[in-house]
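Subject: Structure handover

Hi,

Here is the structure we talked about. Please load it before you read on.

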Amino acid sequence: MPPTPASRPARERLLAAAGELFYDSGIAATGVDAVLTRARVSPATLYAHFSGKDGLVAAYLEHRFLQWRQTWDDVLAERTDPVDRLLSVFDAVVRYREAEGNRRGCAFLAAATELPPDHPGQHWLAADSRLLAERLRELAEGAGAEDPVEVADGLLTFYDGALARLARQAVVPGLDTGDPVARARRTAAEWLAGRVRDSR
């Protein structure tokens with residue numbers, strides 16, 4: 001039987017509460033008291049595990065980064081075709097959203113607009129950007145791209161556009177005109193024609 005919310009370790013409850021509130025309401029708009037109330041812990045418990053709100057924000061972003069990377073790793077493990085592996089970033093987004101219930105686009109892009117340059121969470125924003133750029137470049141090389149950097153940059157443009165569209169759909173009723181991730185994948189596959197050796 002899975003643990004009830006109250007019986008889960010305090011650190012897990014804090015991360016779960018922070019994950020829900022920071023993602024749904026924004027980091028700046030979410031006060032520590034709201035996280036404490038949802039997690040059912042005292043301020044002393046928070047400070048026993050994290051160095052205040054900034055430390056909790058960084059841990060929230062680290063947790064999301066590790067989940068996202070693992071999801072993409074799992075999807076890649078199922079793909080053998082070089083072009084499918086290159087497009088796997090879109091498939092990973094679909095799987096991640098299904099598992100995590102993401103509705104408002106990318107948590108890292110949202111956090112990038114809120115965190116100051118010296119915030120400890122910036123480490124995980126940079127880690128996400130590096131993962132995307134470096135892995136897509138490696139996959140582009142594996143697919144025989146003449147210019148792997150150009151291919152990686154192009155796919156990132158489609159990727160970021162799809163996530164931005166998700167964010168718009170979440171806040172504007174009636175704007176949902178289809179799945180932007182699926183549309184971005186189709187467009188990216190067409191765009192790859194002539195840019196990678198194994199494109200179909």
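Below are notes on one helix pair and on the salt bridges.

This is a predicted model.

Helix pair

Helices α4 (residues 52-77) and α6 (residues 88-100) pack with their axes 9 Å apart, at about 125°. That angle makes α4 oblique to α6. The crossing is right-handed. On the α4 side, the contact residues include Arg 64, Trp 68, Trp 72 and Asp 74. Among those they meet in α6 are Asp 91, Arg 95 and Tyr 96. By class, this contact has eight nonpolar, three polar and five charged residues.

Salt bridges

The count comes to eight. Three of the pairs are described here.

- Glu 20 and Arg 38: the closest N and O atoms are 2.8 Å apart. Glu 20 sits in helix α1 and Arg 38 in helix α2, 18 residues apart. Glu 20 is partly exposed at 39% relative accessible area. Arg 38 is partly exposed too, at 45%.
- Arg 79 and Asp 91: 3.3 Å, N to O. Arg 79 is in the loop between α4 and α5, and Asp 91 is in α6, so the bridge ties together parts 12 residues apart in sequence. Asp 91 counts as buried, because its 17% relative accessibility is under the 20% cut-off. Arg 79, at 21%, is partly exposed.
- Glu 150 and Arg 195: 3.9 Å, N to O. Glu 150 lies in helix α9 and Arg 195 in the segment after α10, so parts 45 residues apart are tied together. Glu 150 is partly exposed at 38%, and Arg 195 is partly exposed at 28%.

One network, built from salt bridges that share partners, joins Glu 78, Arg 79, Asp 91, Arg 95 and Arg 185.

Best wishes

Notes. Residues are numbered from 1 along each chain as its sequence is written. This is a predicted model: local features need pLDDT of at least 70, side-chain atom pairs count only at pLDDT 80 or more; totals for chains, interfaces and linings use all residues. Side-chain values use heavy atoms; hydrogens and water are left out. Axes are lines fitted to C-alpha atoms, for helices over the stretch in contact, and angles run from 0 to 180 degrees between N-to-C directions. Helices (H or I, at least four residues) and strands (E, at least two) are DSSP runs, numbered from the N terminus. Angles under 35 degrees count as roughly parallel, over 145 as roughly antiparallel, 65 to 115 as roughly perpendicular and the rest as oblique. A crossing is left-handed if the near helix is turned anticlockwise from the far one by less than a right angle, and right-handed if clockwise. Contact means heavy atoms within 4.5 Å. Ala, Val, Leu, Ile, Met, Phe, Trp, Tyr, Cys and Pro count as nonpolar, Asp, Glu, Lys and Arg as charged, and the others, Gly among them, as polar. A salt bridge is a side-chain nitrogen of Lys or Arg within 4 Å of a carboxyl oxygen of Asp or Glu. Buried means under 20% relative accessible area, exposed over 50%, partly exposed in between (1.4 Å probe, protein chains only).
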